[in-house]
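Please consult the sequence and the structure shown here.

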Amino acid sequence: MPKLPGVSHLRAVKAFQKAGFIIDRQSKHIFMSKGAVRIVVPRNNPVDAYTMAAIVRDAEMTIEEFKELL
């Protein structure tokens, strides 16, 4: 699996918004959706690499696609 560094939750949310996700709800986590696909981004700085990779996978994106959006 390609390397993915820890990413600020704000940068991650902006990248997912570029990919077409919208924010549904915010609390300790940020809930986003794009059609039937739903993701949850924790408000950690930085979100660690393993968690970020799992979120990207849940968003049905590749690590390379996500890195391009950052």
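Q: Which residue in β3 is the bridge partner of Met 32?
A: This is a predicted model, in which local features need pLDDT of at least 70 and side-chain atom pairs count only at pLDDT 80 or more, while totals for chains, interfaces and linings use all residues. Residues are numbered from 1 along each chain as its sequence is written, and side-chain values use heavy atoms, with hydrogens and water left out. Strands (E, at least two residues) and helices (H or I, at least four) are DSSP runs numbered from the N terminus, and two strands pair if DSSP finds at least two bridges between them. β2 and β3 pair in the antiparallel sense over six bridges, and the partner of Met 32 in β3 is Ile 39.

Q: Which residue in the turn between β2 and β3 has a positive phi?
A: The two strands form a hairpin with two residues between them. The positive phi, about 70°, belongs to Gly 35.

Q: How many bridges join β1 to β2?
A: Strand β1 covers residues 22-26 and strand β2 residues 29-34, and the two run antiparallel. They form a hairpin with two residues between them. Gln 26 stands opposite Ile 30 in β2, and the number of bridges joining β1 to β2 is four.

Q: Which strands are the edge strands of the sheet?
A: Three strands form an open sheet in the order β1-β2-β3, with antiparallel pairing. An edge strand here pairs on one side only. The edge strands are β1 and β3 (37-42).

Q: By what angle are neighbouring strands of this sheet turned against each other on average?
A: Axes are lines fitted to C-alpha atoms, for helices over the stretch in contact, and angles run from 0 to 180 degrees between N-to-C directions. For neighbouring strands of this sheet, the average with direction ignored is 25°.

Q: What angle does the direction of helix α1 make with that of β3?
A: Helix α1 (residues 9-18) packs on the sheet and touches β1, β2 and β3, where contact means heavy atoms within 4.5 Å. Its direction makes with that of β3 an angle of about 160°.

Q: How far from the centre of the ring of Phe 31 is the charged end of Arg 25?
A: Arg 25 stands opposite Phe 31 in β2. A charge sits over a ring if NZ of Lys or CZ of Arg is within 6 Å of the ring centre and within 35 degrees of the ring normal. The charged end of Arg 25 sits over the ring of Phe 31, and its distance from the centre is 4.0 Å.

Q: Which side chain does a polar contact of 2.9 Å join to that of Ser 33?
A: Ser 33 lies in strand β2 and counts as buried because its relative accessibility is 9%; buried means under 20% relative accessible area, exposed over 50%, and partly exposed in between (1.4 Å probe, protein chains only). A polar contact is a pair of N or O atoms within 3.5 Å; within protein, one must be able to donate a hydrogen and the other to accept it, and residues adjacent in sequence count only if both atoms are side-chain atoms. Not counting residues up to four places away in sequence, Ser 33 touches Gly 20, Phe 21, Ile 22, Asp 24 and Arg 38. The side chain joined by the polar contact of 2.9 Å is that of Asp 24.

Q: Which side chain does a polar contact of 3.1 Å join to that of His 9?
A: His 9 lies in helix α1 and is buried, with a relative accessible area of 8%. Leaving aside neighbours within four places in sequence, His 9 has contacts that include Ile 30, Val 41 and Asn 45. The polar contact of 3.1 Å joins its side chain to that of Asn 45.
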